[in-house]
Amino acid sequence: MLKHLPNTLSLLRLALAFVFPFAPEQYRLAIVALALATEYFDGALSRWFNLQTPLGALLDPIADKCFVLSVAVIMFLETNMTWWQFLLFGARDIAVFCGATFIAWEKNWRAFFNVIPRVPGKIATVFQFLVFLSFVGLHMIPQWLLILTIVMSVVSALDYVQLFVKNDFYRGMRNA
């Protein structure tokens, strides 16, 4: 049963992404906290107990992107976030989505398993969740936190683009 737990946690985060926009405000903090816990524990359990699976390699980033998009859209609609802040906030997620779309277009499915989380992406995720927690817990987003999150998201997006373009990642993808 333990071998399915990381994927189950990713599926739970995916379900939370679809529930969040319709959840009453009083449940939003619990949803974000639960999503944060699933974000941490699915990866940690996979590493600690060597439970990585091809399904998990696909499911985890999809659940991540769906949850970020779900909460970010609601933040955009309910705060004074501008459209350019919204796009920059999700720059890393947009870059990863575009890379995944390109991989799918090339029909090189094994390349999905070569995409590993990067440190700037993990830092950007931490800041995104801090913004989410501020939004749902404090009903406000400190401007400095939003700016720092946008900077980390853009840095992470550039890191993924650099990895894709300059390194052997793309060549390795085509040979996979």
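Colleague: How many of the 176 residues of the protein count as buried, as a percentage?

Modeller: Buried means under 20% relative accessible area, exposed over 50%, and partly exposed in between, with a 1.4 Å probe and protein chains only. Here 42% of the 176 residues count as buried. This is a predicted model, where local features need pLDDT of at least 70 and side-chain atom pairs count only at pLDDT 80 or more, while totals for chains, interfaces and linings use all residues. Residues are numbered from 1 along each chain as its sequence is written, and side-chain values use heavy atoms, leaving out hydrogens and water.

Colleague: What makes up the largest nonpolar core?

Modeller: A nonpolar core is a set of buried Ala, Val, Leu, Ile, Met, Phe, Trp, Tyr and Cys residues joined through side-chain atoms within 4.5 Å. The largest one here has 27 residues, and Phe20, Phe67 and Phe89 are among those with the most contacts inside it. Helix H6 (119-138) gives the largest share of this core, seven residues.

Colleague: What is Phe89 in contact with, leaving aside neighbours within four places in sequence?

Modeller: Contact means heavy atoms within 4.5 Å. The partners of Phe89 include Ala72, Met75, Phe132 and Ile150.

Colleague: And Phe49, is that residue buried, exposed or partly exposed?

Modeller: Phe49 lies in the loop between H2 and helix H3 (54-78). Phe49 is partly exposed because its relative accessibility is 46%.

Definitions and conventions
Helices (H or I, at least four residues) and strands (E, at least two) are DSSP runs, numbered from the N terminus.
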